[in-house]
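I opened this model today to look up a few local features. My notes follow in the order I took them.

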Amino acid sequence: MAHPGGQGKMSIFRGVKAFKPHGEITLVNFARDARDGAHRKAVESYRTALMLEDPDAAEMKKRLEAVTVSGTVTSGVRKEAAEEGRFNHTGILQVDIDGVKNPGQIRDMLQSDPHIAFASVSPSEDGVKAFMFIPVCKSRDEHLAAFAAMQDYMKKTYDITIDASTSDPARLCFVLYDPEAKWNANAVPLVIPEPQEAPPQAAKPQVDTPPPREDGGFSLAETPEDIRALLAAIPPRPPYMEWLTVCSAVWDALGEIGGNLLLQEWSPEESAGEYANKFKDRLKNVHAGTLVSLAKANGFDTRHAAAAKHAERDGPSPRVKGPWERQAAPGDGGKAPPSPDEFRDMLAARAFDSGNPPSKPVPVIKLGGKCIATVGNLMALQAGIKSGKTATVGAVIAAFVIGDGSGEHDTLGFTAANPEGHAVLHFDTEQSRYDHDGVIRRALARVGMTEPPEWFQSFCLTDLSQKDRMRAIEMTIEDAVASFGGVRAVLLDGVADFMRDPNDAEEAFALVDKLHALAITHKCTIPCVIHENPGSDKTRGHLGSQLARKAETNLRLHKDPATGITTIWADYARHCHIPKDAGTCFAWCDTVGRHVSKGTAGAIKASIKTEKFREEAEKAFGDEDALGYSALIAAIMAAVEITVKTAEKRVVTYQAEGIVRKDASGSYRLK
């Protein structure tokens with residue numbers, strides 16, 4: 001069969017949620033549209049939403065048109081079209097390269113490859129989509145063999161790791177916009193080695209139970225037991241790319257530490273620290289589900305496993321664990337649910353007792369002398385993009401470090417007390433290691449220090465999974481209690497990064513409950529930094545709403561784009577009220593290399609107003625040293641273009657502001 005080249009056809013879908021295609025397009029026309037901007041408006045709108053951290057960006061991407069690169073769906077829906085023989089392969093392979101800093105350079109490099117027909121910067125501008133010619137495949141197995149050969153080719157030729165999720169022949173690729181992309185008319189198919197015959201697999205026992213729901217209702221790669229069973233089906237130490245794919249899928253499911261333990265069981269390290277060192281090179285777009293696919297390809301019976309899991313979960317104990325809940329299991333360290341008597345004792349300890357009132361909340365953080373955070377509570381710090389959230393966290397850290405003497409230093413109006421020397425912990429999930437380091441150094445410089453107290457600890461968790469981030473908090477708190485006798489504060493710069501989706505109500509409620517329980521248990525405060533939606537004072541999703549409801553204080557930041565001055569205030573707080581006009585202000589100072597205090601919003605507003613009145617008065621007097629009352633009224637009316645009555649009020653205001661004085665002769669003069 002002759003290779004169709006650029007005339008190879010692809011099915012077009014109106015977004016990823018479309019079940020069936022609405023047409024077909026050739027690869028050469030798809031490339032032309034990407035270069036000429038047929039989808040420019042949609043792609044650029046998505047890119048803008050990403051840049052502004054718009055929570056709707058993910059949905060915007062799903063609405064982009066998309067194509068099945070490797071061929072066309074001949075009938076029915078896209079799902080399992082290749083497995084069911086409803087797919088017409090046309091000899092094209094999607095080469096998906098994600099998470100790169102220089103996509104333009106990689107695109108230009110691939111455009112000269114003899115097998116790449118077309119390469120483009122991805123819609124999100126952090127990756128490259130390339131289209132390689134391969135032999136037309138007669139089956140899904142032939143396609144997978146070609147995909148493996150492509151992965152090997154890209155690794156050996158360019159040292160580039162390819163996203164394994166694009167191995168599905170019917171995998172979608174979003175439409176593109178890249179005016180710098182070029183068509184390679186001389187591209188030829190990659191030569192695919194003959195596949196090796198796989199050894200026969202032992203038959204798996206069948207369970208006579210009803211099949212699970214279409215979506216399964218659960219994951220086959222959820223618990224350590226699940227992962228151990230899946231790894232048992234995969235031969236240890238496979239070729240490098242498959243080995244790294246397995247590792248990445250396990251890390252996605254269990255995090256680095258838990259994942260490394262099971263990976264060691266599956267395939268012992270060839271050198272000390274091999275898995276820990278390789279974690280930084282993990283494939284970011286490989287998820288736990290990929291492990292299921294790899295195990296299935298090696299004979300793992302997913303239907304049998306799904307049926308067994310279905311029976312286990314729908315049996316005598318149908319209760320399903322919440323996102324943060326742990327139930328007792330052999331060896332996992334979890335606690336069993338309390339007995340009825342134990343639970344009654346728990347409730348009794350929490351009942352109102354008129355003769356034994358609880359102690360007054362201990363103030364931990366103050367702003368402008370007003371208490372905004374006490375032990376056992378959460379605090380929310382919300383702001384728009386680049387409004388000074390991290391600078392505010394740094395000022396709070398500085399206030400803790402200097403203690404009660406913070407009034408002698410510029411801590412942006414914050415004071416913080418830690419008389420017992422308990423631990424103050426800071427977790428940054430939003431910045432690079434370099435920027436995180438700078439935040440702490442600037443915080444220490446505020447109070448004239450280069451080294452923090454031993455009880456202050458700060459961690460950059462940006463590259464950890466959500467599971468490992470939460471584990472880092474819990475583990476660090478436990479260690480801090482042992483080392484310093486307790487915890488005073490846990491500052492989370494990027495609370496949304498401790499969950500997968502801030503718009504998921506169940507996950508959001510569970511996270512806020514978890515953090516609140518930690519604050520109560522360890523008698524500390526947990527300030528949480530959260531972004532506002534672009535162009536709005538609403539915070540991100542259900543997480544923002546629930547955090548606002550549960551927080552002791554909702555601290556807000558607003559940056560004036562004209563002056564660069566940020567104001568901090570609190571409309572909603574249990575123990576104080578800080579209106580915006582009374583809020584403290586700060587702005588960046590190039591001279592000292594950090595943000596500095598600018599007074600209160602009311603004082604700044606009054607100063608601006610006074611300066612405006614002085615300019616008016618100077619304009620009215622002109623070159624005159626003194627003016628009589630009538631002459632001054634006329635001069636003000638001409639200078640400011642206002643009525644007589646307003647001009648008369650201005651004279652009173654100028655005197656009250658100390659701008660103009662009346663001498664003994666009755667004339668008015670500038671001060």
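I began just past the end of helix H5. There Asp-159 takes a positive phi of about 55 degrees. I was working with a predicted model, so I note that here.

Next I checked the length of H5 itself. The helix runs over residues 140-158, which is 19 residues. At 1.5 Å a residue it should span 27 Å, and I found its end C-alpha atoms 26 Å apart, which agrees.

Which residues of H5 are buried? I listed His-143, Ala-146, Phe-147, Ala-149, Met-150, Gln-151, Tyr-153, Met-154 and Tyr-158.

I turned to the aromatic rings. How many aromatic pairs are there? I counted eight. I wrote down Phe-30 with Phe-131, an edge-to-face pair. Their centres are 5.7 Å apart, with 70 degrees between the planes. Phe-30 lies in helix H1 (residues 27-36) and Phe-131 in strand S8, so the pair ties together parts that are 101 residues apart in sequence. Both Phe-30 and Phe-131 are buried.

I also noted Trp-243 with Tyr-275, which is a tilted pair. Here I have 5.8 Å centre to centre and 35 degrees between the planes. Trp-243 belongs to helix H7 and Tyr-275 to helix H8 (residues 274-278), 32 residues apart. Buried or exposed, I asked of Trp-243? Trp-243 counts as buried, at 2% relative accessibility. Tyr-275 is buried too, with a relative accessible area of 0%.

Back at Phe-30, I found that it forms one aromatic cluster with Phe-118 and Phe-131.

I then looked for charges over rings. The charged end of Arg-282 sits over the ring of Phe-279, 4.0 Å from its centre. Arg-78 lies over the face of Phe-13, at 6.0 Å from the ring centre.

Last, I searched the whole structure for cavities. I found one of 30 Å³ or more. The largest cavity holds about 70 Å³ of space. What lines the largest cavity? I listed Met-379, Leu-381, Thr-392, Val-393, Val-396, Leu-491, Leu-492, Pro-527, Cys-528 and Val-529. The elements giving two or more residues to this lining are strand S12 (377-383), helix H12 (389-402), strand S16 (487-493) and strand S17 (525-531).

How values were computed
Residues are numbered from 1 along each chain as its sequence is written. This is a predicted model: local features need pLDDT of at least 70, side-chain atom pairs count only at pLDDT 80 or more; totals for chains, interfaces and linings use all residues. Side-chain values use heavy atoms; hydrogens and water are left out. Helices (H or I, at least four residues) and strands (E, at least two) are DSSP runs, numbered from the N terminus. The expected span of a helix is 1.5 Å times one less than its number of residues. Buried means under 20% relative accessible area, exposed over 50%, partly exposed in between (1.4 Å probe, protein chains only). Rings of Phe, Tyr and Trp (its six-membered ring) pair if their centres lie within 6.5 Å; planes under 30 degrees apart count as stacked, over 60 as edge-to-face and the rest as tilted. A charge sits over a ring if NZ of Lys or CZ of Arg is within 6 Å of the ring centre and within 35 degrees of the ring normal. On a 1 Å grid over the protein atoms alone, a cavity is a set of points where a 1.4 Å probe fits but cannot get out, and a pocket is an open set with protein on both sides within 12 Å along at least five of seven lines; lining residues have an atom within 4 Å of a point. Grid points are joined across faces, edges and corners, and a volume is the space filled by probe spheres set on the points.
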